[in-house]
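I opened the notebook to log what I looked up in this structure. Entries follow in the order I made them.

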Amino acid sequence: MDHLRNPALLRGVTQPRTRREAFRIAGLSAAALALAACGVQGQKAAPPKADSVKEFWSKQTKHGKVVFANWPEYMPEDKGPLEAFTKATGISYEYKEVINENAEFFGKADPVLRAGQPLGYDIVVMTNGVQLQHMFELGYAIPLDHSQLPNFAANAGAKYKERSYDPGNTYTIPYMSGMTGIAYNTKHVKDDITSIEALFDPKYKGRVGMMADAQEIANFGMIALGIDPENSTEADWRKAGEKLKAQRDAGIVRKYYDQSYIDAVSKGDIWLSMAWSGDVFQRQLAGEPVEFVVPQEGGTIWTDNLLIPKGAANPVDALMLMDFLYRPDIAAELDEYVQFVTPVPAVQDLFKEQAATAKGEEKKALEALVSSPLMFPSEADYAKLRSYTKLTTAQEQVFNPIFQSITQA
Amino acid sequence: MRRLTPYLLALPSWMWLAIFLVVPMAAMASVSLQTGNAIDGFAMTFSFSNYADALSTYSTQLVRSIVYGGLATVAMLLIGYPVAYWIAFKGGRRKSVYLFLLLLPFFVSFVLRTISWGFLLADNGILFGTLKSWGALPADFHVLATTFAVVAGLTYNWLPFMILPIYVSLERVDPRTVEAAQDLYASRTAAFRRVVLPLSLPGVFAGVLMTFVPATADPVNAQVLGGTGNTMIGNIIQIEYLTNLDYPTASALSFTLMALLLVGIFIYAKALGTENVLEAAAR
Amino acid sequence: MRSRGGRVGDRLLHAYTWLVILWLSSPIAVMIMFGFNDTPSKSNTSWHGFTLKWYRELFEISDLTTALRNSIYIAVISTIITVVIGTMLGLALGRYRFRGKGATNFLVFAAISTPELVMGASLLSLFVSANLPRDAITITIAHVLFSLSFVTVTVRARVVTLDPSMEEAARDLGATTWGTFRQVTLPAILPGVLAGAMLAFALSIDDYVVTSFVNGSTLTFPLWIIGSVKTGIPPQVNVMGTLIFGLGVLIAIANAVAARRRA
């Protein structure tokens, strides 16, 4: 029986809703809206004054406990460095791998901190970029007391003491760094890749991967035009946007990736991609045919940073742990597992010493670490690396649409 | 007491939905009409223009999402209905075993499943690499990073949500009815079309509701399996909310999406005459 | 009697059903395989040879083990709650007329159509303003919320096909309300309830987005895995997936055998 031709059925389905029901629904919605008509309060914080910072820290004492929130796989499984910390200072730790994405973490932290509640963590790790800027601007990060960070002062590399996104290391000190460069599949790409223009080469049409993150892709767009992202203006962003749009319209880009580019490059689905050094290093250890290069025009350096969130229960203990991680032997233990770029240059020498006395598998592994430019970039590499563009809130609202309209179209 | 029965039955769910859905939704509706930014704060300005702006900026992605969701739903219906039919009528005592087996892969991490698909469908992997080496496919053939992959991914991931409700309503049909119809109509397909299919409509409607709606809003398949030009509205909402911290736009987009889906489902319900079928069956 | 074409049709459908089941399970085969991969680095993406070492070292990553345990507890508890209140709602919506039915239907629809991100974010705001700490309890609450509609809709689809005169007959014969439900209604809607339960369990155990907002610092299996994607998913994850799947297959086989024995 054909439903639509049954007159009784048609009568049934074309009865209008009763007016009473319609009013009821409208009434409910109006009430709900009225209830919720308040806005979300702004939280803009002024930059910290030196005296208030000193005053804050003078009131804090050591509590004997610290809660450390970090990204997964950023600490050896046996928690060696943390155990050593407890042995050295008597402070117990709680370690939670709860951070997966800066945006997601900030999205969760914002409502909590905005309501004036503590996150429950004493140390968190965030990458430099938009979300970290927001943490500073909203007063969500406690300014550090550098008088209690002697190891940092003594052992951190010079470049890690001057970072454009946190002048004077007011709120953060680096944890691990990485580079964004070009990864390519050596089975499919026979040329030596040295220039950033390789990513824009029509020869690789449909085989190029770019990153979806606006800051990452903007940097590469600008570097390809010879512009320094750290000192760029709106006009520069638009120029970069046009270059990236042309790249997309020419069909060169296969996809804008979040982090799965490395799988794609390894498998050969794409042949070249914007890539993070640590990812490539991992795959090389697994014997996959990928190479990493920092383009001669430049690449990006990003840093995951340690900071103390507002409302932290144990700030002094947090500070002590942060400083402890800058002891060269501890930094070495950490880096041996994490395999990104450590902010403590002395680690390379330590690895060399350990490699000299080690044997067999362990010796090979350590030597691989020591000689890898992905873990210990050369001076020449460092000179080419740039940070992300620093943006005010107003600038963000111009910057983001330029690049998102390319990656999210 | 009898008259109170439906209210008592519905009460716990009402409370759950009222507290955990209605209140947050109302707050979100309020946010969708505000202006400002995360640093300086948002203020209620009843700016309905948020909706207009969001719609005009992202109309492509909205339409695309509905198309992808629709295609996936049709695919799921075509693929899933026969499975539900067979299990309901011929599954015998092991019906729930089959259902369980259908759902079992989904108890295992989505990430692992997706990575495994990425491995299987790699341009030069186990499947395509072999076919290419036999010359059966052109060298630059690829499935990943295409629209087809996204729709296929949506179909794959939501298929059990189509099969189970259809099964649930089909299983109710007495096989003897079908046999009687066959004796009278003398054709299997006619028996199916005129007896079984109409009786399964509540299940079909439920299946479409539970697949079309989430598939259209899904961000993950587009993110993982799509290439350029496959971005769906779920991805946009994610970016607006998490990266741009543009809560009003994200909220406005969510409500717009919900409204569009509601209209779609409503039209579908009317076309099927499901409302009336549901009522008629309940008498 | 049954035509010969009919029997062929049945066989084809039978084979087709198995084909679909196998298609749905195909990535699982890959997952199982990589649980045996002897990978030297942290990434588990290219084959290096067979090893059982990950099975031996299964519980070595304590956070991962905890996360898996959390996921299972939360999935079981949220499924139970959802099935109970969802079945009740499905019964109400499928059988009765009452005031607010339209609004309820709309709410059920709204819960399915809300993008997960939005649901997670708004729940987080709610919990924060209510000063509720975010942990396994808030995760369970959220899971019930998004599974509720699926159970309700599935049960409702079943309820509308029922013949109410059966229950009237039972009542006429003197059964109590609860007795009627237990012995007449429940068996009749049981397929719907079980189907809903399986859907709810699947939704809960693999949920990422909503959970990521309301979990506080409690980790679930999907959260842990996604967190490890950046640096490489350890093979232990594959092993755990394999064991979950294997357990499921065993349960299925046991059920099939038991079903055959039931005369």
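Predicted model: local features only at pLDDT ≥ 70, side-chain atom pairs only at ≥ 80, totals over all residues.

**Chain C and its partner**

I started with a salt bridge between Asp206(C) and Arg113(B), whose closest N and O atoms are 3.5 Å apart. The rule I used asks for a side-chain nitrogen of Lys or Arg within 4 Å of a carboxyl oxygen of Asp or Glu. It finds three salt bridges across the interface of chain B and chain C.

Residues are numbered from 1 along each chain as its sequence is written, chains are lettered from A and ligands numbered from 1 in the order written, and side-chain values use heavy atoms, with hydrogens and water left out.

Next I checked the interface. I found 89 residues of chain B in contact with 100 residues of chain C (contact means heavy atoms within 4.5 Å). The area buried between the two chains is about 8,800 Å², and carbon and sulfur atoms give 78% of that. Buried area here is the accessible area (1.4 Å probe) lost on putting two parts together, summed over both. On the chain B side, Trp16(B), Phe107(B) and Arg172(B) lose the most area to chain C, together 8% of what that side buries.

Then I turned to the fold of chain C. I got eleven helices and zero strands, as DSSP runs (H or I, at least four residues, for helices; E, at least two, for strands). The C-alpha atoms fill a box of roughly 70 × 65 × 30 Å along the principal axes.
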